[in-house]
Amino acid sequence: MSLMNEKDRLKFIEALHRLYPNPKCELDWSNPWELMMAIILSAQSTDKNVNKTTPALFKVANTPEKALKLGIEGITPLVKTVNYFNNKTKAIVNLANEIVHNYNGQIPTDFETLITLPGIGKKTASVFLNVAYHKPYIGVDTHVFRLAHRLKICTGKTPQEVQTKLEKIVPEKYKTTFALATVLLGRYICTARKPKCNECPLYDVCQSDEKAEK
């Protein structure tokens, strides 16, 4: 695959930013702990489904202390509609335990510390810091991974590899919005099966081999 050259890539990123200058994460949350739980629940699930699940969870577990007190038995019935809910429940409780006992109930806000916590990988830490604190991290979910390849921005065998490359090639001033904007583009316009090329505002700067003729 021949990738975009640097000039064309910058044109695309600038156009993406103009399309989504203030992109928002579509997960519902009202504090950092709620966001972290929602991110954990969203793995291999949709934001829409997670948002149907979290109101009941947030009502009784909106702090690490409350989540830890509920434990696996208390949280499991509240998240059963989410894929892999057993593993995700364990992840939430293990994380709550670590935060309560070692971080005074506060989720760390630096990347290197976050990725040492149980169940928190590079993607989760990046999404969390980007969404909660607008830090310049590029979390690579299925949409970002797919569009990086389809749109010839960069390639990589794993999300981690793609993230490393994106964080090198995306200009600093666009890093806080790039991932969220790409997710919205992939979710509503450049969809997996039937991309809406005819109505895409980025048509003129797109170099995808899958681009349909207008």
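Hi everyone. For what follows, Ala, Val, Leu, Ile, Met, Phe, Trp, Tyr, Cys and Pro count as nonpolar, Asp, Glu, Lys and Arg as charged, and the others, Gly among them, as polar. Please keep in mind that this is a predicted model.

Let's start with the largest pocket, which has a volume of about 760 Å³. Its lining takes in 33 residues, and those nearest the centre are Ser 42, Asp 47, Lys 123, Asp 141 and Arg 187. Sorted by class, that lining holds 13 nonpolar, twelve polar and eight charged residues.

Which helix gives the most to this lining? That would be H10, with six residues. Helices H2, H3, H5, H7 and H8 also supply at least two residues each.

Helix H10 runs over residues 175-188 and reaches 21 Å from its first C-alpha to its last, close to the 20 Å expected. Eleven of its 14 residues are buried, among them Phe 178, Leu 180 and Val 183. The cover over those buried residues includes helices H1, H7, H8 and H9.

On to the cavities: there are two of 30 Å³ or more. The largest holds about 150 Å³ of space, and Leu 151, Cys 190, Cys 197, Cys 200 and Cys 206 are the lining residues nearest its centre. Its lining has eleven nonpolar, one polar and four charged residues.

The second largest cavity, with about 40 Å³ of space, brings us back to H10: both H1 and H10 supply at least two residues of its lining. Among the lining residues are Ile 13, His 17, Thr 177 and Phe 178. By class, this lining has five nonpolar, two polar and no charged residues.

Key:
Residues numbered from 1 in each chain as written. Predicted model: local features only at pLDDT ≥ 70, side-chain atom pairs only at ≥ 80, totals over all residues. Heavy atoms only, no water. Helix = DSSP H or I, 4+ residues; strand = E, 2+ residues; numbered from the N terminus. Expected span 1.5 Å × (residues − 1). Buried < 20%, exposed > 50% of the residue type's maximum accessible area, 1.4 Å probe, protein only. Contact = heavy atoms within 4.5 Å. 1 Å grid on protein atoms, 1.4 Å probe; cavity = no way out; pocket = protein on both sides within 12 Å on 5 of 7 lines; lining within 4 Å. Points joined across faces, edges and corners; volume = space filled by probe spheres on them.
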